[in-house]
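Subject: Model handover and notes

Hello,

Here is the structure we discussed. Please have it open while you read the notes below.

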Amino acid sequence: MRLMLKSLVARVWRGSPQFVKRAGVWLTQPRFAVTAGAVVSDERGRVLLLRHVLRKGSGWGIPGGFLTVGEQPEEAVRRELREETGLELDTVELAFVRSLESVHQIEIIFRCRMRAAALEGLEQGFEIDRAEWFARAALPHGLSKDQRRLIERVLGGEAVNARE
């Protein structure tokens, strides 16, 4: 019985117009927001963090944001940093991708490099009120555990301090 039902559903699906198939997939498959984030380090091994005006808590975190339709992830992370600070990244390398179930989000994280002197040309956008380089052992108070783990995962080596 189950095999007959499955066969019937398959025949109906194959015979359906394309718009019905697209609607069926759209209605039954999960959807996620996609973001790109940058763990940016300088020649001294310090990490660039931005204090975001719109972020809960302390606001400190890595640069990043949502991808736009058709935008490539590397383009998105470069654009986000440019919009938030007016700065350009020197190098961008994929570090990892993770799924955040609680917010239905796919996060693409990059390992990036930039010269520390670049901060001298900082143009603060409306999204951030401060950008600063931090030694990995002296990350700002209030930086979330998740952001600390993310930085450690990308940069590896010595553990970052866990003070909250």
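What follows is a summary of the findings, from the overall fold down to single residues.

This is a predicted model, in which local features need pLDDT of at least 70, side-chain atom pairs count only at pLDDT 80 or more, and totals for chains, interfaces and linings use all residues. Residues are numbered from 1 along each chain as its sequence is written, and side-chain values use heavy atoms, with hydrogens and water left out.

Overall fold

The chain has 4 helices and 7 strands. Both are DSSP runs numbered from the N terminus: helices are H or I with at least four residues, strands are E with at least two. In sequence order the pattern reads α-α-β-β-β-β-α-β-β-β-α. Of the 164 residues, 37% are buried. Buried means under 20% relative accessible area, exposed over 50%, and partly exposed in between (1.4 Å probe, protein chains only). Take the contacts between residues at least 6 apart in sequence: 60% join residues at least 24 apart. Contact here means heavy atoms within 4.5 Å.

Helix 1

Helix 1 covers residues 2–15, 14 residues in total. From first C-alpha to last it reaches 20 Å, close to the 20 Å expected at 1.5 Å a residue. That expected span is 1.5 Å times one less than the number of residues. The number of buried residues in helix 1 is 0, so this helix lies largely in the open.

Cores

Which residues touch the most other members of the largest nonpolar core? They are Val 40, Leu 48, Val 77, Leu 89, Phe 110, Cys 112 and Met 114, in a core of 19 residues. Strand 1 (33–41), strand 2 (47–52), helix 3 (73–85), strand 6 (105–113) and strand 7 (128–134) each give two or more residues to this core. A second, separate core has 13 residues, including Ile 109, Leu 139, Leu 143 and Val 154. A nonpolar core is a set of buried Ala, Val, Leu, Ile, Met, Phe, Trp, Tyr and Cys residues joined through side-chain atoms within 4.5 Å.

Leu 89 contacts Val 40, Val 77, Arg 78, Leu 81, Cys 112, Arg 113 and Met 114, leaving aside neighbours within four places in sequence.

Leu 150 sits in helix 4 (residues 145–155). Leu 150 is buried, at 2% relative accessible area. Beyond residues up to four places away in sequence, Leu 150 touches Val 39, Ile 62, Phe 96, Arg 98, Glu 107 and Ile 109. Leu 150 and Phe 96 are 54 residues apart along the chain, yet their C-alpha atoms are separated by 9.8 Å.

Salt bridges

The whole structure holds 11 salt bridges. The criterion is a side-chain nitrogen of Lys or Arg within 4 Å of a carboxyl oxygen of Asp or Glu.

- Asp 42 pairs with Arg 46 at 2.7 Å, N to O. Both residues are buried.
- Glu 88 pairs with Arg 82 at 2.6 Å, N to O. Glu 88 is partly exposed at 42% relative accessibility, and Arg 82 is partly exposed at 38%.
- Arg 98 pairs with Glu 107 at 2.5 Å, N to O. Arg 98 is buried at 16%, as is Glu 107 at 11%.

Best wishes
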